[in-house]
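This report describes selected helices, loops and residue contacts. The sequence and structure are shown first, and the description follows.

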Amino acid sequence: HFVFNDLGNPDRGSEFVRPTLGGEQRPYPRRCRTGRLPTDTDMHAESRIEKPLPMYVPRDEQFEESKHDAFSAGRLKAALRNLIPLLKASISAHNRDFSGFSDIRQDGKIQESSQGLLKYNTLNILSRDKFAWLQDDEFACQALAGVNPVTIDGLQAFPPVSNLDPAIYGPQESALKEEHIIGQLDGMSVQQALKENKLYVLDCHHIYLPFLDKINALDAQPPTVWTRSKRVLKPPVDATSNWLWQLARAHVCSNDPRVRTHACMEPFILTAHRQLSAMHPIYKLLDPHMRYTLEINALARKNLINADGEGLPADLIRRGIAVPDPTQPDGLKLLIEDYPYAADGLLIWSAIEDWVRTYLKSWHNESINVGHADLRQESWWPTLTNGDDLVFILNTIIWLASAQHAALNFGQCPYGGYVPNRPPFDEKWVMFGST
């Protein structure tokens, strides 16, 4: 198993250097060995296969012909759809100012006038109302049923409290106070809302705050940089506050952390091939959920990412979305009834759990001790001493590779295809943003 040391290409210059993921300081799952030579500049970095040459993937994990054709067709369609906007941009390079949202429609992002390969289907977010993405209720809906429904947490205390070291990052208590939200609680007090499980939060504070010092230490600084000053923005009451509110929501969307399932699956796939017979029931069980992942990962390392998973019930309890309830079929009571990720997910989780019934110790050991070697001493790894332990482990793996993967990936185009609704992460947002 190799670490992720092929994301950059130092032979092309210092700007193409990328850190190695998978060492002691950067826990990350192991990847498939390719046998490529190291780069000339850095003996610890594996040389890359640049486009259009393919990256190595074992033959039995490569796309089948039908999958390859479908993937190639999608890639061709995407390239053709971008060709016309690129040509327009090159011809009118003198005028690249963004004048309004109509510019996006003029570039064909939501036009349906083109035919054949160039035709765009109407995105879900625009099918009923082209300005639905501006509404707060749609923003809230997407927190529960959008592209990333796993970062919403139930508030356990108010004001929210950070878990970062106050000696380094300042006061742990949030600047959000009761007067900021009391008007949104339908007559309830904050304490009553807490008690009745009515307050939920998308909290990126402890994830991003440690990066502020690194951003502010960069050599090239824009006129405005991140600071640790705390500012609370409330729902708008006039035109000025309306655009500040929209900007704040755009920041939330662009910095909304995504949960990735592809990379953490790779060691389990590799060890299944190494330790299990292709005729073994466990291999047969996992095979449909491992299919194509290694090639997708290889393509991601070449194109997308170059230059703590846990089970659904425990995740819902940890985030304050559910509480244990032995009277319920799944042993849980959801505190948010209209939460499709949880309600539908528990049905799928239970179906998988009923389906998975056996064990294999050597596969479990290698997946942890070799595949995730830098985390093997952690106390949270599940033990494998009986059939129920194995059922839980396999259930978690299959959940990550199937239902959770679908929940986190299949909504990317319907919601993220229209950039103003889910603006992608961009250095400009980071450099000019405010906390």
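A residue counts as exposed when its relative accessible area is over 50%, as buried when that area is under 20%, and as partly exposed in between. The model is predicted, and the classes used below rest on those cut-offs.

**Backbone geometry in the loops**

D186 has a relative accessibility of 78%, so this residue counts as exposed. Its place is the loop between helix 6 (178-181) and helix 7 (190-195). The phi of D186 is positive, about 55°, although the residue is not a glycine.

N197 is another non-glycine residue with a positive phi, again about 55°. This residue is found in the loop that runs between helix 7 and strand 2 (200-202). With 33% relative accessibility, N197 counts as partly exposed.

A further backbone feature is the cis peptide bond that joins F158 and P159, with omega at about 0°. P159 belongs to the loop between strand 1 (152-154) and helix 5 (166-169). As background, most residues other than glycine have a negative phi, and most peptide bonds are trans.

**Helix 12 against helix 17**

How do helix 12 and helix 17 pack? Helix 12 covers residues 281-290 and helix 17 covers residues 387-401; the angle between them is about 20° and their axes are 9 Å apart. Angles under 35 degrees count as roughly parallel, so helix 12 is roughly parallel to helix 17. The crossing of the two helices is left-handed. On the helix 12 side the contact is made by I282, L285, L286 and H289, and on the helix 17 side by L390, L394, I398 and A401. Sorted by class, the contact has seven nonpolar residues, one polar residue and no charged residues.

Helix 17 has 15 residues, which should span 21 Å at 1.5 Å a residue; its end C-alpha atoms are 21 Å apart, which agrees. Of these 15 residues, 11 are buried, so helix 17 is largely enclosed by the rest of the structure. The buried residues of helix 17 are D389, L390, V391, I393, L394, N395, T396, I397, I398, W399 and L400.

Helix 15 (residues 340-355) has 16 residues and reaches 22 Å from its first C-alpha to its last, close to the 22 Å expected at 1.5 Å a residue. Its buried residues are Y341, A342, G345, L346, W349, S350 and I352. What do the buried residues of helix 15 pack against? Their partners are helix 4 (136-145), helix 14 (312-318), strand 4 (332-334), helix 17 and helix 18 (403-409).

**Individual residues and their contacts**

R319 lies in the loop between helix 14 and strand 3 (322-324). Is R319 buried or exposed? Its relative accessible area is 1%, so R319 is buried. Leaving aside neighbours within four places in sequence, R319 is in contact with P149, V150, T151, I152, D153, G154, Y339 and Y341.

D136 lies in helix 4 and, at 35% relative accessibility, counts as partly exposed. Not counting residues up to four places away in sequence, D136 touches W245 and R249.

V232 is placed in the loop between helix 9 (212-216) and helix 10 (239-255). With a relative accessible area of 26%, V232 is partly exposed. Once neighbours within four places in sequence are set aside, the contacts of V232 are A175, L176 and H180.

| Pair | Separation in sequence | C-alpha to C-alpha distance |
|---|---|---|
| D136 and R249 | 113 residues | 9.1 Å |
| V232 and H180 | 52 residues | 7.9 Å |

Methods: Residues numbered from 1 in each chain as written. Predicted model: local features only at pLDDT ≥ 70, side-chain atom pairs only at ≥ 80, totals over all residues. Heavy atoms only, no water. Axes fitted to C-alpha atoms, helices over the stretch in contact; angles between N-to-C directions. Helix = DSSP H or I, 4+ residues; strand = E, 2+ residues; numbered from the N terminus. Parallel < 35°, antiparallel > 145°, perpendicular 65-115°, else oblique. Left-handed = near helix turned anticlockwise from the far one by under 90°. Contact = heavy atoms within 4.5 Å. Nonpolar A, V, L, I, M, F, W, Y, C, P; charged D, E, K, R; others polar. Buried < 20%, exposed > 50% of the residue type's maximum accessible area, 1.4 Å probe, protein only. Expected span 1.5 Å × (residues − 1).
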